[in-house]
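Please read them alongside the model.

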Amino acid sequence: MDTATAPNGETGAAGLPSGRPPEDRRTRIGRYVALFVMPFLMVTMMYASYVGTMHEPTADHMPVAVVGTGPAAEAVVSALDDSPGGTVDARLVGDADRAVGLLRDQEVAGVLEVPAEDGGPAVLTTASAGGASQASTVAQLLTPVTVGQGWDLETKDAAPLPDGDMAGIAVLFAAMGMMLAGYVPLSVLTMSMPYLLSVRRFVPLLAGWSFVTSSVIWLILGPLVGAVDGHYLQFVGIGMLATGAVGCAQMLFTKLVGPLAVLVGMLLWVCFGMPASNLALSVHTMPGFFQWLHGVLPLPAAGESLRSLLYFDGRGLDGHLITLGVWLVAALALALLKERKGHLIPAAPPVTDGSTPLPALAGGPVRPLWVRRLAAVAFPLSILVMVVGLMGASMHKPQIHDMPVTVVGATTGQAGQVTAALEPELGGMLELSTGDSVEEAEERILDQEIVGAYVLPTERGGAATLLTSSAAGNSQHMALRQMFQQIAAGSQTPLETKDVKPLTAHDTMGSNSMYVGMSWIMAGFLLMAVLRGGAPELTRTRRILPFQAGWAVGISAWLWLLFNVMIGAIDVPAWQFVACGALTVFAVSLATAVFTRTVGLAAIVPVMVVMMLAGVPASGGGMSVHMVPEVFSHLKDVLPLPAAVDVARSMVYFDGHGIGRNMLVVGVWGAAGLVLNLVVDVWLKRREARAGGAPAAAVPAGGAAADATGGASDASRARDASAASLRAPVGADAETGAATDADLDEPQPAAAR
C-alpha cells in the first residue's frame, strides 16, 4: 500500500500522517456544511448591505446652509425643515463666506444664498469634491425652492474635482486599497505563519507593510493613473495610519476567533464600511445607522482624510485621523491584554517559529518558510494592485466614445444632413446613424442596440426630441441629455426629452442590475475557492457536479428571496430569476474549477480579475461602457459579468430582450469549463500514475499544520474544518503542482489510494 509522507517524516496507514485518524462520516458532513455556509454568508452579507442601502438612496436630514436675513431667508429655512420625511436639515447663516467655510469643512452639503431685497439671482454653492452624488442631490433638493420663489438661480462649485479625477473615485479606491492592505494578509498569516501575530513581531512588520502598500497605492493613482497630484508624504502617512488601524484590529479579531475573523472583518470593513464611507454615495442618503458608522469605522475615516488632504487643504482632517488613531491604539491595547492570557489563536497551528513546515496557504501542501513568506506578501499585494489599478485606471476620467445614437428626421435627407453636420464635432464621441421612424428608434433603444435617438422637428420652429432610457444606463442617459441640450441651444431649437424606459422608484441609481449580476458571479467562483481550500477531494468533476448544481439553484433562490421579497429592490418572477441565476452560478463555478484545480488557490487572483474586476467597467452597471477605456467595450461581449448584468437588467426593464444572447455567453463559459474539467481529470489521473499511484496528501481544514506539530484532537479538527472554509477565499495557494484532486473512492482528508 502506498503511503504519503507526513511533514515530520512519519507516515500512517492509508497515507495518513502519523497521529491523524481517518475522518468519520459525521465530521466530514460537518466540514462540508461549513464550507457551504461560508460563501453563503459572504455573498449574503455583501449584497444585502449594498442593495439594501444603495438601491433607493433618499436624502435624510441633508445639512444645508441658507444665507440671508429677514423674512424671506427665514421662510426658506422653515420650508426646508418642514420638508416631507425630514430630507433637509437647514440652518440660517448670516454671512456667505462663513457658509462657504462650513461647506469646505464638510459640515454642510450645500449653500443657498437668498437674493437681496434689491433683486438678483439666488446662488447655490456645492462642492463636487465632497461627493459628486451629494452635490447632485443638494441641487435636486434646493432648486425647487428657488423655482417656487420665482428666483433666477446661479450655481457655483466651491471645490471642483480635478481634471485627473473627474469621477471623484481616487479617494474611494485609495481608501479601499488601504483597507485591503490591512485586512487580507491576516488570513494568510493565521495558518501559514501564526507565530508572527504576536504584538512584538506583528507591529514592526505592519509598519513596513503599511509604508510599502501606501506608496504603491500613491504610485498607481498618482504618476501612473494621474488621479492624484502630489501630497506623497501626507498620503503615505494617512495610509500607514489607516492600514495600521485595520491591521491591528484584524489581528485582535484573529486572536479572539481565529480564522472566523475573516467574516468579522468583512462585515465591518466591507459590508458596513462602504455604505457608511460617503465615498460612493452621500452618507446623508443612507439609513441613520450608517450615518452613525461614518464617524466610527476606519474606511470612512481613511476616505475622508484623503478627501480633506487632496481637495480641501486639510480642513477637517484632524477628526478623521483621531478616529484611525483610536482604532490603532485600542486594538493594540486589547491584543496585548489578550496575549497576557497566552498567545493562542483559535484553530491556528500552535507553532512558535518558522522552523515547523506548514502549508503556504489554505488547502496547499507543506511548504518551506520562504514560500510561505512569498505567499503572504504576493497574494494581498496582487489583490491590492488589481483593485486599485484596474478600477482606478478605468473609471477616474470618464470620456464619451462611440456612443451609438440615431438621428431621425422627417425625411432621410434631412436626417443625413444633420448627421453630417454633427460628425465633425461629435464623431469621436458618438457613433451616428440615421433612422427611418420614431417607433423604430424606440424599439432599438429597448433592444439596447443604440443608446439614444435625436428626433428632428417636423415643422419650422418646432421642438426636437431626445429619446433615451435611464434603465439602460443612468450615466449615459444623463450624458446624452447634457450633450444634446447644448446642441439644441446652439441651433436655437427647443428640446424635449423622453425616457422610453425609466428606472423604477426602487432602483433610482440603476445599480440593482450590477449587484444582482455580481452576486451570481461571486457565488460561483467563491464556492470553488472554498472547496479547493477545504475539500480538495471533492473537486473531481463527477464528484463536484451535484454540489455545484445544488448550490447554484439554492443560492439563486435565496438571492431572489433577499432582493425581491425582503429588500424589495427588484420585481422579477421567481422562476426566471432562479433559472438565469442558477445557470450563471453553475457556469462560473465550472470555469473557476479549471483554474483552482490546476493552479491552486493562487488562481483566485486571475479568476477575480477576469470574472469580477475587469467585468465591472465592461458591464455598464455603474458607468457606461461608452465612458470607460475602449478595451472594455470589446470585453463586454466576452466576459460573464457584463452578460449577467444585462440579463438582470433585461428581466427587470426590457421584457427579456437580449437575455438569449447574454445567456449564450454564460453558456459558452460553462460548456468550456465542463470540457476543460474533464481534460483536467485525465491530466491529474496520469500525473498520479506517474507518481506511483500516490497523490499528494490533500489536507483540508489545516490538517497538515496540526500533524506537523504532533496531531490534533477531534475538537480542534472540527474547528479546523470551519477555519479552512473561512480562510480560503482570502488566501491563495502559492503552489502550482499539488495533485490534490485525486479520484478518491471515499472522501477523506489525507487519503491516498
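**Notes on aromatic pairs and a loop valine**

1. F253 and W269 are both buried, where buried is under 20% relative accessible area, exposed over 50% and partly exposed in between (1.4 Å probe, protein chains only). The model is predicted: local features need pLDDT of at least 70 and side-chain atom pairs pLDDT 80 or more, while totals for chains, interfaces and linings use all residues. Residues are numbered from 1 along each chain as its sequence is written, and side-chain values use heavy atoms, leaving out hydrogens and water.

2. F289 and W292 make a stacked aromatic pair, 6.3 Å centre to centre with 25° between the planes. Rings of Phe, Tyr and Trp (its six-membered ring) pair if their centres lie within 6.5 Å; planes under 30 degrees apart are stacked, over 60 edge-to-face, the rest tilted. The two residues are three apart in helix α10 (residues 288-294), hence separated by about one helical turn. Helices (H or I, at least four residues) and strands (E, at least two) are DSSP runs numbered from the N terminus. F289 is partly exposed at 42% relative accessibility, and W292 is exposed at 54%.

3. One aromatic cluster is formed by Y32, F36, F547 and W551.

4. V225 lies in the loop between α7 (199-224) and α8 (232-257). Its relative accessibility is 16%, so V225 counts as buried. Leaving aside residues up to four places away in sequence, V225 touches I220, G392, A393 and H396, contact being heavy atoms within 4.5 Å.
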